[in-house]
Amino acid sequence: VIIRLEFNKYSGSEQNGAVPGEAVKKDENTRRGNWGNQIEFVLTSVGYAVGLGNVWRFPYLCYRNGGVPGAFMFPYFIMLVFCGIPLFFMELSFGQFASLGCLGVWKVSPMFKGVGYGMMVVSTYIGIYYNVVICIAFYYFFMSMTSLLPWTYCNNQWNTKDCSGVVGTSYANATALMSNFTELANRTVKRTSPSEEYWKYYVLNISDDIGNFGEVRLPILGCLAVSWVVVFLCLIRGVKSSGKVVYFTATFPYVVLTILFIRGITLDGAINGIKYYLTPQWQKILDAKVWGDAASQIFYSLGCAWGGLITMASYNKFHNNCFRYRDSIIISVTNCATSVYAGFVIFSILGFMAHNLGVNVADVADHGPGLAFVAYPEALTLLPISPLWSLLFFFMLILLGLGTQFCLLETLVTAIVDEIGTDWIIRNKTYVTLGVAILGFLLGVPLTTQAGIYWLLLMDNYAASFSLVVISCIMCVCIMYVYGHVNYFKDVEMMLGFPPPVFFRICWRFISPVIITFILVFTVIQYKPITYNNYIYPGWSLVIGFLMALSSVICIPIYARKLRQLLGIEGRISKQRLKNAVKPHHTWGPALQEHRIGRYAPTVSPSADRGVEAPLHEKEKETETEKKPEEISLTIQGSNGSTHNPDTTA
């Protein structure tokens with residue numbers, strides 16, 4: 001009776017999503033922490049997947065590659081179904097099963113832990129330059145708090161003689177003005193907008209070369225500090241605080257998008273922009289570049305291989321249903337739908353801008369920072385009450401960026417805390433967060449110099465390009481073929497109560513790796529040296545870019561070699577040493593003791609004492625005759641500080 005009462009006290013009375021037929025369990029990881037509720041996880045993941053790239057990169061790829069209902073969306077949908085959603089579900093289930101970040105989960109096969117380090121390197125690069133983009137949005141937001149936007153006219157000290165604005169001119173005058181521009185173009189003189197000169201000569205005060213750093217732009221540096229402070233304060237209590245913040249940061253951008261969409265479609269010329277966005281060009285469907293762009297957009301927009309998905313899922317409760325219509329599918333579809341919706345908002349404004357300039361929509365559209373901080377600001381000056389729309393637009397950019405930045409920082413912090421794993425580091429996780437934030441700020445300072453934009457684009461194009469594809473491919477192969485697809489399918493079934501659907505099994509084993517390889521091949525085939533406007537990057541800077549790309553991938557073979565040399569893995573034959581190196585660690589499995597059933601039952605074996613995991617099927621073969629009578633009172637320390645007797649679970 002006493003034993004049964006102690007077990008009931010430990011297990012609790014809440015079901016908390018336990019698999020039907022199992023004993024009632026307490027599903028809360030009190031030592032590490034969980035999301036307050038499932039909505040917080042979904043909103044955080046949506047904020048992570050939906051970022052700044054949804055606002056500028058997707059619409060640009062659409063009109064360049066055949067339109068939304070045309071040649072681009074067909075391969076985009078194919079890549080989403082057969083690669084995007086399956087990989088998304090794999091990373092969520094991977095992190096949730098072990099309740100560990102991108103480093104800890106590689107207990108599944110310690111030799112491949114370098115994949116986790118590669119994810120950390122990628123997240124570090126992205127976190128550094130991504131927060132610089134957010135800080136520039138902060139700067140534009142603060143500068144919009146005025147009765148007249150500073151980039152409206154050409155009568156400022158930073159403007160050149162080539163500056164020509166259209167505010168206050170009629171459509172006929174603008175058309176005549178564009179005729180003059182055409183004539184001037186024949187003289188190699190190009191018209192520059194007030195917003196472009198404000199961006200280049202005032203905000204950036206851009207230098208003439210990537211090696212000429214010049215001075216630090218103090219206003220940008222100050223905004224960078226503000227941005228990091230905001231990120232730190234939102235993560236000061238880990239997922240317990242960020243989970244509350246995302247109720248606002250993940251939803252309010254949709255409010256702003258809707259306001260801008262309603263305003264945009266009521267403007268003159270907006271319909272022309274939307275028509276351009278929706279015009280199909282089916283002849284491009286056989287163009288290999290279209291398929292490559294669609295695949296890369298799916299891959300990068302969902303955030304696969306960044307480590308963030310694994311980290312966010314690791315704070316789920318063990319029996320959370322991370323598949324059926326709640327997590328994987330909802331988040332993936334929401335991300336893609338947001339991209340399409342943002343395209344309508346963007347092209348309605350660009351259509352209005354083209355109408356005022358008297359040019360085609362294709363002549364005013366751009367991508368990357370040029371679209372966010374040149375084309376949009378210029379279009380905003382043409383709107384009534386332009387400071388209000390500017391405030392809303394840049395506030396939306398800030399929130400979109402912060403949603404992704406939260407997860408990038410939490411990925412690094414969680415990996416560090418899980419790797420050290422002591423009670424002290426878990427209790428003082430805030431100091432780890434502060435240290436990572438300070439380091440990120442310091443590493444971002446060079447990007448606030450006059451050459452900062454060159455370095456930002458270099459990191460964006462190389463630090464998180466083909467390395468993500470390689471990391472994702474190796475992760476998929478390791479789980480399916482090294483750890484074993486049968487073992488992983490059983491793990492998912494134990495966690496969710498049902499095995500992965502046949503479609504996902506086929507995608508994980510065959511289709512997704514093929515598509516990932518396809519992306520890698522086309523990334524190499526389509527490679528072109530990076531340029532910024534008319535500036536051609538020197539060779540030495542491209543070498544640095546390739547080194548940044550390789551720095552994450554090289555972690556995989558380096559760690560594998562180090563593991564074999566330093567751990568002294570048993571076995572004299574090289575083949576046996578390799579087999580032991582890829583075998584799951586004896587601590588691999590669910591984090592909470594009450595979830596370690598079946599293959600993961602907490603039994604003691606001689607091989608475990610040697611630091612090598614015994615075959616899982618042998619863990620259940622110990623007989624009661626091997627135990628002493630006094631072992632009945634043996635207690636096991638639970639992760640929440642309580643104790644229970646493993647034998648009482650029978």
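## Report on selected features of a predicted model

Tyr-247 is placed in helix α10, which covers residues 239–249. Helices here are DSSP runs of H or I with at least four residues, while strands are runs of E with at least two, and both are numbered from the N terminus. The structure is a predicted model, in which local features need pLDDT of at least 70, side-chain atom pairs count only at pLDDT 80 or more, and totals for chains, interfaces and linings use all residues. Residues are numbered from 1 along each chain as its sequence is written, and side-chain values use heavy atoms, with hydrogens and water left out.

Tyr-247 is in contact with Asn-37, Ile-39, Glu-40 and Leu-43, leaving aside neighbours within four places in sequence. Contact means heavy atoms within 4.5 Å. Although Tyr-247 and Gly-47 are 200 residues apart in sequence, their C-alpha atoms are 9.8 Å apart in space.

Gln-297 belongs to helix α13, residues 288–301. With a relative accessible area of 3%, Gln-297 is buried. When neighbours within four places in sequence are set aside, Gln-297 is in contact with Arg-57, Phe-58, Leu-61 and Tyr-76.

**Helix α17**

Helix α17 runs over residues 386–420 and has 35 residues. From first C-alpha to last, α17 reaches 51 Å, close to the 51 Å expected at 1.5 Å a residue. The expected span is 1.5 Å times one less than the number of residues in the helix. Of the 35 residues of α17, 29 are buried, so the helix is largely enclosed by the rest of the structure. Gly-421 follows α17 and has a positive phi, near 75°.

**Cysteines**

A disulfide is a covalent bond between the sulfur atoms of two cysteines. The criterion applied is a pair of cysteine sulfur atoms within 2.5 Å. A search of the whole structure finds one disulfide, and Cys-154 and Cys-163 are joined by a disulfide with an S to S distance of 2.0 Å. The torsion about the S-S bond of Cys-154 and Cys-163 is about -70°, so this disulfide is left-handed. Cys-135 is in no disulfide, and the nearest cysteine sulfur, that of Cys-223, is 6.1 Å away. Cys-507 is likewise in no disulfide; the nearest cysteine sulfur, that of Cys-83, is 8.6 Å away.

| Cysteine | Relative accessible area | Class |
|---|---|---|
| Cys-154 | 27% | partly exposed |
| Cys-163 | 10% | buried |
| Cys-135 | 0% | buried |
| Cys-507 | 0% | buried |

**A nonpolar surface patch**

Val-477, Tyr-481, Val-502, Ile-506 and Phe-510 form a nonpolar patch on the surface, with about 440 Å² of accessible area together. Patches are made of residues with over 30% relative accessible area and no salt bridge; like charges are joined within 9 Å, and nonpolar side chains (Val, Leu, Ile, Met, Phe, Trp, Tyr) within 5 Å. A salt bridge is a side-chain nitrogen of Lys or Arg within 4 Å of a carboxyl oxygen of Asp or Glu. Accessible areas come from the Shrake-Rupley method with a 1.4 Å probe, and for residues only the protein chains shown count as cover. Helices α21 (466–496) and α22 (502–525) each supply at least two residues of the patch, and α22 gives the most, with three. Val-502 lies in α22 and, at 53% relative accessibility, counts as exposed.

Notes. Buried < 20%, exposed > 50% of the residue type's maximum accessible area, 1.4 Å probe, protein only.
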